[in-house]
Amino acid sequence: MRRLRPGLAILAIAAGTVATVAGCSTKGTPYATPSSQPASASSAATAPTTGSLPTASMTPLPAAAGQLTGTDLESVLLPASDFPTGYTASSSGATTSGGSLTTGAAQYPLATVSCSGFVQRLGSTGFGETGMASDSIVGSNQAYDQAIYQFSTAAEASAFVAGISPLAVRCPSFTAPITSSTSTTMRMKAAPGDSVAGRPTVDLLQTATANGSALTLDTLFTASGVDVFVVSGVGFGKPAPADPAKEAIIYNLMKRQAAAAVLG
């Protein structure tokens, strides 16, 4: 089985099924969706307080350099303690490309990947990266995704981000599976986002409905050197979370990546 993105996992729970993760994931334990947190976490997340993540000053940063393994990139991801009270790390753990650099052409090029295939694969391997890591920080019917995709060259990283808008143009509305027998209609649109550390971004908004509740996946992409930083706010029956802002999360990922590259 493939690792499900939080949005699809939430849809599966909404349909009365259990979503699990395996395959490309480094761990295969059940995925903890925002709707399956303990009562104490749910009540705390109803009125969250901001975690320790500082507001990004957005001072320009050097372009990401170096080639880190997926295991190294996992250490760059922000811990749950940097997020509001009530948000916890997914019980599935992080997805990574492992302890070695990867090579080969993309299995899922953005120009040709199916619309539902992109939604299911984002957060996993297969986009031509040399290393990647992603995980989820989940609350009560809300979550944050964070991912880093590392490419061989800065041009490849920039091309990946540039491919998001054309993908959204050809995927304005499509069918995405919830279970083997049920599906829903997802809608996708992209627009330029606010810059992060002087770097342009693309904001990809995906929406759907399951069991009468709205699903929102609001994802920000930006390239810095050889890396692509991806952060999503996910909401099911609630708006996507916005505190901390996606831009602040990406900015701090950039700073952590720079430190890890020096140590590597």
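## Exercises around strand S3

The model is predicted: local features need pLDDT of at least 70, side-chain atom pairs count only at pLDDT 80 or more, and totals for chains, interfaces and linings use all residues. Residues are numbered from 1 along each chain as its sequence is written, and side-chain values use heavy atoms, without hydrogens or water.

**Exercise 1. Find the partners of S3.**

Task: State which strands pair with S3, and in which sense.

Solution: 
- Step 1. Helices (H or I, at least four residues) and strands (E, at least two) are DSSP runs, numbered from the N terminus. Two strands pair if DSSP finds at least two bridges between them.
- Step 2. Start with S1, residues 88-89. S1 runs antiparallel to S3, with two bridges. Thr88 has Val138 as its bridge partner in S3.
- Step 3. Go to S2, residues 95-96. Here too the pairing with S3 is antiparallel, over two bridges.
- Step 4. Finish with S4, residues 142-150. Eight bridges join S3 and S4 in the antiparallel sense. Val138 faces Ala143 in S4.

**Exercise 2. Judge the cover of S3.**

Task: Decide how many of the residues of S3 are buried, and which way they point.

Solution: 
- Step 1. Apply the cut-offs. Buried means under 20% relative accessible area, exposed over 50%, and partly exposed in between (1.4 Å probe, protein chains only).
- Step 2. Count over residues 131-138. Eight of the eight residues of S3 are buried.
- Step 3. Sort by direction. Gly131, Ala133, Asp135 and Ile137 point one way. Met132, Ser134, Ser136 and Val138 point the other way. Both sets are buried.
- Step 4. Take Thr85 as a further case. This residue sits in the loop between helix H3 (70-74) and S1. Thr85 is called partly exposed because its relative accessibility is 45%.

**Exercise 3. Trace the salt bridges.**

Task: Find how many salt bridges the whole structure has, and which residues they link.

Solution: 
- Step 1. Set the limit. A salt bridge is a side-chain nitrogen of Lys or Arg within 4 Å of a carboxyl oxygen of Asp or Glu. Side chains of opposite charge can pair when their charged atoms come close.
- Step 2. Search the structure. Two salt bridges turn up.
- Step 3. Take Asp203 and Lys246. Their closest N and O atoms are 3.8 Å apart. Asp203 is in strand S7 (residues 199-210) and Lys246 in helix H7 (residues 246-263), so this pair ties together parts 43 residues apart in sequence.
- Step 4. Take Lys246 and Asp218. Their N to O distance is 3.4 Å. Asp218 belongs to strand S8 (residues 213-224) and Lys246 to H7, so the parts tied together are 28 residues apart in sequence. Both Lys246 and Asp218 are buried.
- Step 5. Join the pairs. Asp203, Asp218 and Lys246 form a network of salt bridges.

**Exercise 4. Check the confidence.**

Task: Find where the pLDDT is below 50.

Solution: 
- Step 1. Know the scale. pLDDT is the predictor's confidence in each residue, from 0 to 100.
- Step 2. Read the average. The chain has a mean pLDDT of 81, and 77% of the residues score at least 70.
- Step 3. Locate the stretch. Residues 16-52 have a pLDDT below 50. In the model, this stretch has 90 contacts (heavy atoms within 4.5 Å) beyond near neighbours in sequence.
- Step 4. Draw the limit. Where pLDDT is low, the predicted coordinates should not be read in detail.
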